[in-house]
Amino acid sequence: MDRKVIDLLCAPRTAQRLSLLDSKGLDALNRAIGAGTVTNLEGTPLVQPLREALLTQDRKQIFRVNDGIPVLLPEEAIDTAQIVDFPK
């Protein structure tokens, strides 16, 4: 994603700034998705690994990026607490 676009984005409910999820966080997330232990806030399980995602400033929520387009719907957020080895 373009850095200028990321700088304009914020989380829909908390208005926190978002940043691109780093490789360690993305790896932990994708391992958890592979293990079948990740759902979004709506309760829908994630089944496809992600190539890119955005992380809130407090590191509590992740938002998918699909083909360069951020999915910033509140119910689509992923709670990082469910990812056992998510980096703090």
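The largest nonpolar core of this predicted model has 15 residues, and Leu21, Leu29, Val38, Ile62 and Ile83 touch the most other members. Helix H2 (23–34) and strand S2 (53–56) are the elements that give two or more residues to this core. H2 provides the largest share, with five residues.

Leaving aside residues up to four places away in sequence, Ile62 touches Leu21, Leu29, Ala53, Leu54, Leu55, Glu76, Ala77, Ile78, Thr80, Ile83 and Phe86.

Now for H2 itself. Its buried residues are Gly25, Leu26, Ala28, Leu29, Asn30, Ala32 and Ile33, and the buried residues of H2 pack against strand S3 (61–66) and strand S5 (78–79). At 1.5 Å a residue, the twelve residues of H2 should span 16 Å, and this agrees with the 16 Å between its end C-alpha atoms. After H2 comes Gly36, whose phi is positive, near 75 degrees.

Further along, Pro45 lies in the loop between H2 and S2. Is Pro45 buried or exposed? Pro45 has a relative accessible area of 52%, and exposed means over 50%, so Pro45 is exposed. Not counting residues up to four places away in sequence, Pro45 touches Val38 and Thr39.

Here are some values for Pro45 to look up in the structure:

| Item | Value |
|---|---|
| Relative accessible area of Pro45 | 52% |
| Separation of Pro45 and Ile78 along the chain | 33 residues |
| Separation of the C-alpha atoms of Pro45 and Ile78 | 10.0 Å |

Technical notes:
Residues numbered from 1 in each chain as written. Predicted model: local features only at pLDDT ≥ 70, side-chain atom pairs only at ≥ 80, totals over all residues. Heavy atoms only, no water. Core = buried A, V, L, I, M, F, W, Y, C linked by side-chain atoms within 4.5 Å. Buried < 20%, exposed > 50% of the residue type's maximum accessible area, 1.4 Å probe, protein only. Helix = DSSP H or I, 4+ residues; strand = E, 2+ residues; numbered from the N terminus. Contact = heavy atoms within 4.5 Å. Expected span 1.5 Å × (residues − 1).
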